[in-house]
Amino acid sequence: MSRFVDRVVLHVSAGNGGHGCSSVHREKFKPLGGPDGGNGGHGGSVVLEVDLGVHTLLDFHFHPHAKATNGKPGMGSNREGPRGGDLVLKVPDGTVVLGEDGEVLADLVGAGTRMVAARGGRGGLGNAALVSRARRAPGFALLGEEGESRDLVLEMKSVADVGLVGFPSAGKSSLVSVLSAAKPKIADYPFTTLAPNLGVVSAGETTFTVADVPGLIPGASDGRGLGLDFLRHVERCAVLAHVVDCATLEPGRDPVSDVDALEAELVAYRPALSEDNGLVGLADRPRIVVLNKADVLEAAELAEFVTEEFTSRGWPVFTVSAVSRDGLKPLTFALAEMVETFRRDNPPPEPSRQVLRPVARDDSGFTVERDRSERGDFVVRGARPERWVRQTPFDNDEAVGYLADRLARLGVEEQLEKLGAQPGDAVTIGEVTFEWEPTLPAGVEVPLTGRGTDARLEQTERVSAQERKHAHRVRRGLEGIDPEEQ
């Protein structure tokens, strides 16, 4: 049996970037031909795209985890690693993407509309791309970044021109079946419809869609029954049609009280999309009243009795029968006219123009704050320094020296000095905490040393742990004084 799913939680993970390659070109009579390590490939992204052939979120219900492929590492001979392939997930038209905190991130309406749900990680630079005047033969390469991972909530809101609302067993599904070619489930018990049914209706030169919203009851806006699950499907409707059962035998119910109860729920409901394509709130949407089941004698008399009450409110009233199909043609053309009026007064918005705002060159893009926690004394925050730390292989001294040069040129050391940082203070950038050494000169000629080493890291006046241990043992008389210390 097919299932309708209109709300799912999706866990998306983009691909990781490939690591850069550290390589030196070698050939006969040319053993050191220079660095030739290629860059790593970027990781693939996870993209949501509207497909008109998809009508439910059922696939994501059974497969809630989506991960794009990783980028490949770079190779020697200046060969870049292949990029990871993007993972494109097809979603229905009218899907709203929410963050973990309930914030609306995107409203996907229209075929081909796309959203990058998780961006792939950047590939690391190879040592051929790190060559500079001060560093002619880098003995290291940068690491690839990890791709984004996040949890998203996908909600499908039916894209229909007319929404049929009413109590259970009011005849909404029957009305959709006779107005269009849709074949919804119809039975003589309440809550037969467990999923919205969409039908296409033609009236003259006008074509519009009708959505059958499952039966609402008092308290639906507070979550009673199936209200909250399906009230979202009327958010985009231009016209709301009250389908009233005039032949009900339930005590305490009549057409006027049924409509008043539904109106109270529509007014109390707070849609997530407050500005959805220029539509006003549900309380201000155009209304039309459909008095159904007029083929029953008592129902026809009751419909005639309550018609004046609804017309006094300024709502068009139509008495119809889905069984005998009486009154359907006037209702169809009246709905078409209301839809045309809405389309004329609310033209589709023009696509927004993309605005590029370049960042100023002197914008450091980082902040330095004191940290009183156990992790360190100072915390550096910023997209660039955090990305540089993630890309640095800390088992390579030359790469650490390159990171120090980049941070110094960015102005991190200068800001630390202004805040009173002392040598040996703990500085945290991202998830890495290290001891600050302000004596490392940046931007100067790097002395030639072995590959993967940096002599500047050994230039420190601080007493090492081994020297402190030796001095402690000398004070206790356990060791003699080193002649070099005299």
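What share of the contacts in the protein with a separation of 6 or more comes from residues 24 or more positions apart? The answer is 71%. Keep in mind as you read that this is a predicted model.

**The whole protein**

Let's begin with the overall picture. The protein has 486 residues, and 45% of them are buried. Its secondary structure consists of ten helices and 18 strands.

The table sets out two pairs.

| Helix pair | Axes come within | Crossing angle |
|---|---|---|
| H2 (residues 172–179) and H6 (residues 328–345) | 11 Å | roughly 85 degrees |
| H4 (residues 255–268) and H5 (residues 297–311) | 10 Å | roughly 45 degrees |

Start with H2 and H6, whose axes cross at roughly 85 degrees. Angles from 65 to 115 degrees count as roughly perpendicular, so H2 and H6 are roughly perpendicular to each other. Where do they touch? On the H2 side you will find Leu175, Val178 and Leu179, and these meet Leu328, Leu331 and Thr332 in H6. Sorted by class, the residues of this contact are five nonpolar, one polar and no charged.

Next come H4 and H5, with a crossing angle of roughly 45 degrees. That angle makes H4 oblique to H5. Here Pro255, Val256 and Val259 of H4 meet Leu302, Val306, Glu309 and Phe310 of H5. The contact of H4 with H5 has six nonpolar residues, no polar ones and one charged residue.

**An aromatic pair**

A pair of aromatic rings is described by the distance of the centres and the angle of the planes. How many aromatic pairs does the protein have? The count comes to one. Its partners are Phe140 and Tyr402, with ring centres 5.4 Å apart and planes at 50 degrees, which makes the pair tilted.

Phe140 sits in the loop between strand S7 (114–118) and strand S8 (149–156), while Tyr402 belongs to helix H8 (residues 397–410), so the pair ties together parts that are 262 residues apart in sequence. Are these two residues buried or exposed? Both Phe140 and Tyr402 are buried.

Definitions and conventions. Residues numbered from 1 in each chain as written. Predicted model: local features only at pLDDT ≥ 70, side-chain atom pairs only at ≥ 80, totals over all residues. Heavy atoms only, no water. Helix = DSSP H or I, 4+ residues; strand = E, 2+ residues; numbered from the N terminus. Buried < 20%, exposed > 50% of the residue type's maximum accessible area, 1.4 Å probe, protein only. Contact = heavy atoms within 4.5 Å. Phe/Tyr/Trp six-rings, centres within 6.5 Å; stacked < 30°, edge-to-face > 60°. Axes fitted to C-alpha atoms, helices over the stretch in contact; angles between N-to-C directions. Parallel < 35°, antiparallel > 145°, perpendicular 65-115°, else oblique. Nonpolar A, V, L, I, M, F, W, Y, C, P; charged D, E, K, R; others polar.
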